Amino acid sequence: MKSSTPPHKSSILPPNNENRIAKNPFEEFKTFTASGPDLPLDQIVQSTEAVMDRIRCGYEKLLEEEAKELVWMVQYNTIIKAYEVAEKYVKEISYTAEDIEDFCFALENTQRIPYLIPGPAGIYLSALCNYTNEEEIVLKLSELKTEINLVGFRLPKGKRLMIEGDTGDFTGIGLEGGELVIDGNSKNWTGAGMRGGKILIKKNIGLHTGEWMMGGEIYVGGRVRGLGNIVEGKVYEREKLLYPGKVRYPNVYY
Amino acid sequence: MGKNGYQKQAMGIYRFISEHLYFNRPDMVIKGECFNSAILLSLLTGLKKGKELIIGEPGLGKTTSAEYVCSLIYQFPLGVIWGSEVSGHPEQTEEKIIGRPDLGKLNRGEEDVVWTNFSQIPVKIVDEINRLPETKQSMILDGVDRGNWEYLNEMIINEEYCLFATANYQDGGTNTIIAPLVDRFDVMVESRHPGANLSFLVGKDKRKDHILRHPKYEKDLYHVLKSKVAYEKKTPKIEEVCNAYGEYLDEATGIKSFQKQDRDQIRTEMERLEFDLDASAFTRMLLAELSFCEWYGQKRIVENCEEGCHYTGYLCRQIKNCASNRLPSSIKQYAQGLAWLLEDAEIDIEHISAVVPYALGHRIQWKDEVLSQKERSKRDDPIPIFLAKEAVKAVSQRYREQSEHLKDALAAGSKIFLGGDLEPLEGDHPIYVEVKKDIGARRS
Amino acid sequence: MQSIIEEIWPKLRKKHLYPEIPMPRVRETPEQEKSESEEDEDVGLEMKQKQLTINGAFVSQMKEKMPEKRVIEALLDHGITHYTFCPWDFHTHLRLYAAAKKVVGDKDLAKQVSNHFIDVIADTHCVKKRFTEIPELHRNLRKGDVEEVIASLYQEIWGMDLGIAPSKMGVKGRADIVRRLARIPYLDRSRWGESIQKFARTLKPLLIQEQKEQGAQGGKGERNPQGEHDLNHYSSEEIDQGLRDYARQTMTLSEFKDVVEDFSDELSGAGYGMEGGMGRGQGNPVDADVLFYMKLAENYSIPVKKFPLEEKGSLHPYSHCPWEIGAPYQDVDVWTSFGKIMPGITQTWTKREGKGRGKIEGTPDCLIVVDSSGSMINPRKSLSYAVLGAACATNAYLHNNSKVAVYNFSDAPMGGKDILNYTDRREDIYRVLCKYFGGGTALDLEDLMPFIQGKRKLDLFIITDMKITNLEALIGFFGQIQNRVTAVHIGDNPYAARFEKAVERKKNISIYTVKRTEDIPHIVLGKIRDYFNPTHTKKS
């Protein structure tokens with residue numbers, strides 16, 4: 001007769017579930033929640049960084065499309081095309097004048113932006129200036145080591161762009177009625193092809209000033225090294241009317 | 001935490017030693033209180049069953065400080081402690097350290113062991129351990145690790161024990177204590193010169209350590225220790241004599257020492273103390289810097305750092321070896337002891353920062369360029385402890401900058417570990433990589 | 001007030017995660033001086049080598065607007081944060097100053113900019129990370145123009161009202177300044193370099209204007225109520241370490257020199273001179289070029305191979321080990337074995353060679369031959385690897401208590417040389433190393449003989465680009481001597497290749513190439529190359 005008592009159970013207990021689960025090495029931090037206020041500074045910095053990233057991205061795409069192998073030639077059609085591409089990216093971003101200024105300095109920091117090519121950089125910068133909401137833009141660029149070319153390209157009417165520092169070649173070319181003030185020196189081809197508006201250069205200016213200028217005025221507080229072929233418009237040197245004036249020929253050296 | 005006066009007793013012992021027996025200058029400040037590191041750490045070693053390495057110039061009280069602490073915590077008369085010490089010289093043998101055959105029985109063809117006092121009493125003091133050959137150092141450290149002493153296939157097990165080893169600085173008569181052995185010490189501390197004025201007092205005043213001697217109880221203890229009775233049966237008798245000695249101490253000096261149950265209770269109380277979140281995060285951060293290597297997976301002494309490593313600014317770049325798992329254990333033990341002594345409810349960063357240099361100094365091998373830069377720095381500590389203190393300062397600074405973010409990262413790690421759908425937080429410190437590795441291992 | 005400090009100090013320490021700073025003190029102005037010195041009330045906190053001192057007069061003056069306890073807490077929060085976060089060390093301070101100076105160009109302006117920047121970071125860190133009374137303190141402080149702008153900045157970035165009305169900022173484009181300043185990531189340490197430059201750019205016009213106004217009024221300028229930031233914050237060791245780190249970080253002599261010269265008065269005031277070659281102690285004014293190489297060389301460690309101890313003793317019993325069956329029994333220790341020969345009981349002696357009275361292990365003296373001809377870089381204009389390498393070698397030998405002699409040559413036969421006899425004075429050695437002739441390149445081997453003759457053991461360390469006109473003579477010279485020679489050539493060229501080929505069989509000459517600073521730690525001074533079998537000795 002079989003015993004009715006159940007078989008003797010092994011004294012070794014089956015492993016319970018707790019033994020199977022690995023120990024959580026972060027157990028004591030389970031209930032931790034970060035305290036402490038989030039300052040407005042955090043949001044300001046975060047949004048500034050986000051905007052800068054987008055601006056930077058736009059610039060890199062411009063280089064990708066227009067500066068193949070990082071070579072870019074200044075020609076009428078390349079300028080127009082580059083500007084169109086720049087416009088395309090710039091229109092999508094919401095930014096302020098300070099963002100533009102930060103971008104200029106970021107251009108010199110190769111860790112943040114690997115390539116500074118003065119032509120496309122200037123075109124991009126001009127597009128940024130032209131599409132910003134502010135009517136008056138002040139960029140403090142006197143500590144920039146590089147002189148950016150093509151600043152103020154197609155600055156529209158109603159916009160005032162003031163640059164503290166020196167600019168490179170082709171400053172204010174194609175100006176379309178806006179006011180461009182350079183609190184420093186400018187180089188060659190300033191105001192070339194401008195249609196209207198005002199350029200004020202507080203110090204000296206280079207050669208080919210006002211080349212194919214169609215209208216508007218250029219005021220130079222310092223010396224003018226040479227004039228270009230001016231179609232229409234005025235050029236002043238230290239409040240003295242230089243063109244139309246006695247000098248009719250291009251590139252006269254003083 | 002319940003207050004039952006044990007802390008006051010312990011501080012009473014500390015003060016008694018500091019004021020009457022071992023003249024010293026305070027060299028640490030914790031929670032606004034000044035302590036001498038040698039006495040404090042010895043006290044904690046005695047209470048926590050730790051292993052301490054005491055270094056210093058000859059004649060500066062390395063051995064005597066340990067003897068006083070042991071006498072007062074474990075209630076052993078000084079004479080017994082003297083008789084139980086092992087002195088380090090190359091001719092030490094296992095028979096002199098652990099036990100020898102009973103010669104009478106041996107001649108009759110029977111095996112029986114006569115255990116040395118050193119192996120029987122809970123207090124183990126080894127003088128000039130670095131003069132012992134490596135095999136003997138290893139033998140002692142193995143024994144103290146587990147509390148087991150074996151000879152001729154017989155074994156005794158110490159229920160409680162602590163080790164104090166002294167070492168002079170390296171000279172022609174010493175061996176190096178090799179890294180695997182020195183790693184077994186919980187802490188290393190220097191017994192310093194007390195300054196000209198206190199040193200003069202040592203010479204001028206009559207020695208007071210006779211207070212800790214008691215010929216009768218010493219004789220009784222010797223009698224018990226050498227009796228041919230099983231060790232388990234000796235233990236209660238030893239305790240009885242020790243308790244009587246403890247009462248004598250109370251009458252003679254006003255110092256209440258600890259009986260075995262007191263010590264057990266103290267240890268239980270200490271074990272209950274936990275790290276607060278900052279202390280935990282800080283310790284993890286420190287351990288990460290001492291073990292991490294982005295290039296090779298972990299620090300190894302045989303592998304050199306690569307140029308241009310992202311983690312150049314961290315401790316991993318400055319050290320050669322990897323921190324062992326004994327380090328966090330030592331940190332916890334001594335931090336618990338310290339927090340308990342100061343009657344704090346939990347272990348905080350200050351406890352950790354105070355203890356870590358002593359737990360770390362002997363375990364880390366610094367690169368040559370670090371040594372050559374820092375060796376000539378103005379300091380009060382010997383170079384290993386000084387470098388460890390500098391390391392702790394640097395990590396503290398890094399911790400202060402990112403404490404909240406790090407705790408956040410650890411909290412996120414916990415949630416992910418428990419199955420939460422989160423991404424681990426990023427950060428520029430090895431600890432964040434370690435968190436990711438732990439989570440990754442869990443996920444796989 | 002001291003009791004207030006004692007009451008709040010444990011809480012503050014805990015809040016700041018236990019910095020190693022002693023209990024602050026209070027400086028009470030004696031009654032008779034109170035009426036005399038109003039200036040004393042302007043500064044609330046002094047910081048000198050981690051000792052914070054609260055100005056009792058300042059706190060009393062603030063009492064009407066803010067309880068003493070809160071004033072003290074705010075000041076201490078600020079002071080502690082300078083030690084725990086920004087600038088934390090002298091190196092950071094220098095770095096910030098140098099970055100500011102690049103923008104403003106003027107020493108005083110740069111100091112002001114860096115002081116303001118450091119304060120903004122410290123206060124913002126406190127407000128973000130810890131509960132603090134700093135905003136309340138700013139609300140109640142007296143403010144000049146710049147301080148108002150800073151307070152307005154705080155309003156913007158902390159989101160708190162500090163009592164600066166928006167209309168005030170509308171004046172003179174200050175809203176513009178505040179808007180620009182608010183965009184700077186003050187709490188991102190990794191970007192402090194560029195942040196301070198932006199800070200400087202933005203604040204520069206205001207600071208210049210303030211400077212002009214103060215100059216016109218003949219005043220010294222407002223003092224910072226939260227304490228000035230000068231070299232008193234740091235101990236000599238911290239200054240030492242800071243200079244070392246800064247030299248290593250810039251690696252540019254001109255930048256280092258610029259900053260050190262700007263701080264030369266403060267360094268001298270802090271007792272930091274050139275005496276003893278350690279950069280410590282009053283004495284000669286700081287020579288920034290020499291200091292640069294000194295500090296930079298401290299970052300690199302070159303090992304020196306010492307002459308080994310000669311073991312001249314015979315074997316002697318040293319320690320015991322258990323005897324095993326089958327092992328020889330002539331070394332059995334009968335006493336320790338209790339007269340028994342049986343496994344488990346018997347012990348044998350292990351023996352060791354004694355160290356007899358041979359030559360003591362040590363490092364010999366060193367003659368450093370450094371090339372300062374025209375083909376080498378002028379160490380006082382740019383970083384010269386030659387001088388840096390020689391400096392590192394100097395440190396290595398001096399560190400081992402040896403002496404160093406220097407032979408700095410250009411066109412030696414024509415007098416283009418400088419000689420320094422064996423010495424352990426670091427400063428003198430460095431001065432000779434940093435000398436630059438810039439002429440032709442010719443060694444006069446006769447000059448070297450007095451250094452070598454009479455010296456039993458001497459190491460030679462020569463660092464040059466090997467474009468030496470009498471290179472063959474040099475090769476011949478090295479062929480004859482048995483001294484350990486470490487030859488370091490800068491860059492690769494045919495002359496260096498020629499030299500290498502000529503001496504490749506000489507075991508006592510080791511050649512290293514240095515093209516960048518990272519190559520310097522790989523130089524092992526005094527290395528003797530062993531061919532095949534390290535114990536093989538050549539019988540001459």
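Predicted model: local features only at pLDDT ≥ 70, side-chain atom pairs only at ≥ 80, totals over all residues.
In chain C, Ile368(C) has Phe461(C) of E9(C) as its bridge partner. Residues are numbered from 1 along each chain as its sequence is written, chains are lettered from A and ligands numbered from 1 in the order in which they are written, and side-chain values use heavy atoms, with hydrogens and water left out.

1. **The strands around that pair.** Strand E6 (residues 365-371) and strand E9 (residues 458-464) of chain C run parallel and are joined by six bridges. Helices (H or I, at least four residues) and strands (E, at least two) are DSSP runs, numbered from the N terminus, and two strands count as paired if DSSP finds at least two bridges between them. As background, strands of a sheet pair through backbone hydrogen bonds, either parallel or antiparallel.

2. **The six-strand sheet of chain C.** E6 and E9 belong to an open sheet with mixed pairing, in the order E8-E7-E6-E9-E10-E11 (chain C). Its edge strands are E8 (417-423) and E11 (509-514), each pairing on one side only. On average, neighbouring strands here are turned by 15 degrees against each other, direction ignored. For such angles, axes are lines fitted to C-alpha atoms (for helices, over the stretch in contact), and values run from 0 to 180 degrees between N-to-C directions.

3. **Helices on that sheet.** Look next at helix H19 (residues 471-480) of chain C, which lies across E9, strand E10 (484-490) and E11 of chain C and runs at about 160 degrees to E9(C). Helix H20 (residues 494-503) of chain C also packs on the sheet, where it touches E10 and E11 of chain C. The direction of H20 makes about 160 degrees with that of E11(C). Contact, here and below, means heavy atoms within 4.5 Å.

4. **A three-strand sheet, also in chain C.** This open sheet has the order E1-E3-E2 (chain C) and mixed pairing. Strand E1 (25-27) and strand E2 (45-48) of chain C each have a single partner strand, so one side of each is left without a neighbour in the sheet. Neighbouring strands are turned by 30 degrees against each other on average, direction ignored. E1(C) pairs with strand E3 (residues 51-55) of chain C in the parallel sense over three bridges, with Arg25(C) opposite Thr53(C). Helix H4 (residues 68-84) of chain C packs on this sheet and touches E2 and E3 of chain C, its direction making about 155 degrees with that of E3(C).

5. **Where chain B meets chain C.** Here 36 residues of chain B are in contact with 35 residues of chain C. Together the two chains bury about 3,200 Å², with carbon and sulfur atoms giving 52% of that area. Buried area is the accessible area (1.4 Å probe) that two parts lose on being put together, summed over both. Gln373(B), Arg400(B) and Glu401(B) supply 22% of the area that chain B buries against chain C, more than any other three residues.

6. **Charges across the B and C interface.** Two salt bridges are found here, a salt bridge being a side-chain nitrogen of Lys or Arg within 4 Å of a carboxyl oxygen of Asp or Glu. Glu401(B) forms a salt bridge with Arg189(C), the closest N and O atoms being 2.5 Å apart. On the side of chain B that touches chain C, H18(B) gives the largest share, six residues.

7. **Where chain A meets chain B.** Twelve residues of chain A are in contact with 19 residues of chain B. The two chains bury about 1,400 Å² between them, 64% of it on carbon and sulfur atoms. In chain A, Phe26(A), Phe29(A) and Phe32(A) lose the most area to chain B, together 54% of what that side buries. The count of salt bridges between these chains is one: Arg284(B) with Glu28(A), whose closest N and O atoms are 2.8 Å apart.

8. **A last stop in chain A.** Strand E5 (residues 217-220) and strand E6 (residues 234-237) of chain A pair in the parallel sense over four bridges, and Ile218(A) stands opposite Val235(A). E6(A) is also joined by three bridges to strand E7 (residues 240-243) of chain A, the two running antiparallel. In the hairpin of E6(A) and E7(A), two residues lie between the strands, and Arg238(A) takes a positive phi near 50 degrees.
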